[in-house]
Amino acid sequence: MDPQSIGPLFQLLAFFVLLASGFGIGRYLERRHYRSIRSREKELNGLPAVAVKVPDAQTLLATSDARMVMGNVVISVDYFKRFVAGLRNVIGRRIRGYETLLDRARREAVLRMKQEAGQLGANLVFNVKFETASISKGSRRRIGSVEVLAYGTALIPKR
Amino acid sequence: MLLSNLEIIPGRRVKRHLGLVQGSSVRAKHMGRDMMAGLKNLVGGELKGYTELLHDSRDEALSRMIAQAEATGANAVVNVRFSTSSVAQGAAEILAYGTAVEMEE
């Protein structure tokens, strides 16, 4: 084989290796993350987070203190999904890889917020708000990672 | 200093409104974190370095807001909001703002 054809061939090989590792490891990591999210969500079932702005009178009477709590997470999508998303940009339709990315990020952020509330001894989190930012917007190599922040006010009940 | 993103603080009454207070922080990512992030970009998953970075800068923004609130004589900030914007490539501004109030003890 002449040396000139090795360059592109090597690049092609590297591309497939990246694609395969993104597909394999990325899928494994996503599944593991979802498992951990589900089990922690079950644990924190007793501490509801609601998007209601003003607590009702009954809740207010039972509350002794309020603290702001928040949780944030930055999650990146894998190489394979980014490649598929690039293709999808041409033909349109939904991009499932990015849907799960945002879903994981939001649920993880809420869980971290609830964990902070739980440590304070709260039993409710009110007025939950989300803030989503794409980290590498406008950069040349688009990374495809998002930051999600969830914040709210934890109500600590009277003893 | 009490913080809340409700318009009230349960069990307390607002004595006086002291106006809008805000604090912001601009941070850039650094090389080491960026390299790890490059690796994580391949297989996906949480970028812990960035999570910490943004958490720290949010704390910084909050503490600047609190300092401003203290200067006006407030003892609580209600209706706290966050906002994020990317100023330049690789740098993000985080803004925290709210209404400084004086609460009855």
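1. Helices (H or I, at least four residues) and strands (E, at least two) are DSSP runs, numbered from the N terminus. Axes are lines fitted to C-alpha atoms, for helices over the stretch in contact, and angles run from 0 to 180 degrees between N-to-C directions. The model is predicted: local features need pLDDT of at least 70 and side-chain atom pairs count only at pLDDT 80 or more, while totals for chains, interfaces and linings use all residues. Residues are numbered from 1 along each chain as its sequence is written, and chains are lettered from A and ligands numbered from 1 in the order in which they are written.

2. Two strands count as paired if DSSP finds at least two bridges between them.

3. Where do the chains meet within this sheet? Strand β1 (residues 63-76) of chain A pairs with β3(B) in the antiparallel sense over two bridges. In β3(B), E46(B) stands opposite I75(A), and G45(B) is the bridge partner of S76(A).

4. The contact between the chains takes 40 residues from chain A and 25 residues from chain B, where contact means that the C-beta atoms, placed from the backbone, lie within 7 Å. On the side of chain B that touches chain A, the elements giving two or more residues are α1 (31-43), β3 (45-46), α2 (48-71) and β4 (76-88) of chain B. The residues on that side divide into 11 nonpolar, 11 polar and three charged. Here Ala, Val, Leu, Ile, Met, Phe, Trp, Tyr, Cys and Pro count as nonpolar, Asp, Glu, Lys and Arg as charged, and the others, Gly among them, as polar.

5. Not counting residues up to four places away in sequence, M113(A) touches A49(A), V69(A), M70(A), G71(A), V125(A), A150(A), Y151(A) and G152(A).

6. The largest nonpolar core has 52 residues, of which V69(A), A109(A), M113(A), V125(A), A150(A), Y151(A) and V77(B) touch the most other members. Two or more residues come from each of β1, α4, β2 and β3 of chain A together with α2, β4 and β5 (91-103) of chain B. Such a core is a set of buried Ala, Val, Leu, Ile, Met, Phe, Trp, Tyr and Cys residues joined through C-beta atoms within 7 Å. A residue is buried if 20 or more other C-beta atoms lie within 10 Å of its own, exposed if 12 or fewer, and partly exposed in between, with C-beta atoms placed from the backbone.

7. Chain B has two helices and five strands, which run β-β-α-β-α-β-β from the N terminus on. Of its 105 residues, 33% count as buried. Residues 24 or more positions apart account for 76% of the contacts in chain B with a separation of 6 or more.

8. Four strands of chain B form an open sheet in the order β1-β4-β5-β2, with mixed pairing. β1 and β2 (14-28) of chain B stand at the edges with a single partner strand each, so one side of each is left without a neighbour in the sheet. Strand β1 (residues 2-3) of chain B pairs with β4(B) in the parallel sense over two bridges, and L2(B) has A76(B) as its bridge partner. β4(B) and β5(B) run antiparallel and are joined by 10 bridges, with A96(B) the bridge partner of F82(B). β2(B) and β5(B) pair in the antiparallel sense over 12 bridges; V26(B) has E93(B) as its bridge partner. Helix α2(B) lies across β2, β4 and β5 of chain B, at about 145° to β2(B).

9. Which residues of α3(A) are buried? They are Y79(A), F80(A), K81(A) and R82(A). Just after α3(A), G92(A) takes a positive phi of about 80°.

10. R40(A) is found in helix α1 (residues 3-43) of chain A. With 16 C-beta neighbours inside 10 Å, R40(A) counts as partly exposed. R40(A) and L111(A) are 71 residues apart in sequence and 7.4 Å apart in space, C-alpha to C-alpha.

Terms used
Two residues are in contact if their C-beta atoms, placed from the backbone, lie within 7 Å.
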